[in-house]
Amino acid sequence: LMKTGSIAHPYLGIGMLDVDPKVAKLLEIPTDTKGVVISKVEANSPAHVGGLLPRDIIQQVNGKPVTSSKEVQTIVRSHKPGEKLDITVLRQTELVN
């Protein structure tokens, strides 16, 4: 804080929504789909650089299944800024890392 005047926090740079049956129906995916849908990706953010896209559904972070945006945030915040995360997403009908 004394050197830069701010505190660096880890972040992905995405908007997220928990996938529930209502959201699944809107996305036209099976209503029993679990995960967190990316609603937006900030330009030049870690998520953008890493290739994440709006409508991707986060299934796992570092091998741990996630079903809520809170779980994603907890995992991200447990790392240091700049550390890489392994994020598995459902993109259309395909799992992508």
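Author: Two residues are in contact when they have heavy atoms within 4.5 Å of each other. Keep that in mind as we go, and remember that this model is predicted.

Reader: Let's start with helix 3, then. Which strands do its buried residues pack against?

Author: Buried here means under 20% relative accessible area. In helix 3, which spans residues 69-77, the residues that qualify are Ser-69, Val-72, Ile-75 and Val-76. Their packing partners are strand 1 (14-18), strand 2 (36-41), strand 3 (57-61) and strand 4 (64-65).

Reader: How are those buried residues placed when I look down the axis of helix 3?

Author: An α-helix has 3.6 residues a turn, so residues three or four places apart point the same way. In helix 3 the buried residues fall within an arc of 125° seen down the axis, so they line one face of the helix.

Reader: And which exposed residues sit on the face turned away from the buried side of helix 3?

Author: Exposed means over 50% relative accessible area. On the face of helix 3 turned away from its buried side, the residues that count as exposed are Lys-70, Thr-74 and Arg-77.

Reader: Which element gives the most to the largest nonpolar core?

Author: That core has 14 residues, and Leu-12, Ile-58, Val-61, Val-72 and Ile-87 have the most contacts inside it. At least two residues each come from strand 2, strand 3, helix 3 and strand 5. With 3 residues, the top contributor is helix 3.

Reader: Val-72 keeps turning up. What is it in contact with, leaving aside neighbours within four places in sequence?

Author: Val-72 is one of the buried residues of helix 3, and it is also among those with the most contacts inside the largest nonpolar core. Beyond its sequence neighbours, Val-72 is in contact with Leu-12, Met-16, Val-36, Ile-58, Val-61 and Val-66.

Reader: What about Leu-17: how far is its C-alpha atom from that of Ser-68?

Author: Leu-17 is found in strand 1 and is partly exposed, at 44% relative accessibility. It touches Val-36 and Val-37, not counting residues up to four places away in sequence. Although Leu-17 and Ser-68 are 51 residues apart along the chain, their C-alpha atoms are separated by 7.7 Å.

Reader: Now for the largest pocket. Which element gives the most to its lining?

Author: The pocket holds about 510 Å³ of space. It is lined by 22 residues, with Leu-12, Pro-46, Glu-83, Lys-84 and Leu-85 nearest its centre. Helix 2 (46-49) and strand 5 (87-91) are the elements giving two or more residues to that lining. With 3 residues, the one that gives the most is strand 5.

Conventions:
Residues are numbered from 1 along each chain as its sequence is written. This is a predicted model: local features need pLDDT of at least 70, side-chain atom pairs count only at pLDDT 80 or more; totals for chains, interfaces and linings use all residues. Side-chain values use heavy atoms; hydrogens and water are left out. On a 1 Å grid over the protein atoms alone, a cavity is a set of points where a 1.4 Å probe fits but cannot get out, and a pocket is an open set with protein on both sides within 12 Å along at least five of seven lines; lining residues have an atom within 4 Å of a point. Grid points are joined across faces, edges and corners, and a volume is the space filled by probe spheres set on the points. Helices (H or I, at least four residues) and strands (E, at least two) are DSSP runs, numbered from the N terminus. Buried means under 20% relative accessible area, exposed over 50%, partly exposed in between (1.4 Å probe, protein chains only). The arc is that of the directions from the helix axis to the C-beta atoms. A nonpolar core is a set of buried Ala, Val, Leu, Ile, Met, Phe, Trp, Tyr and Cys residues joined through side-chain atoms within 4.5 Å.
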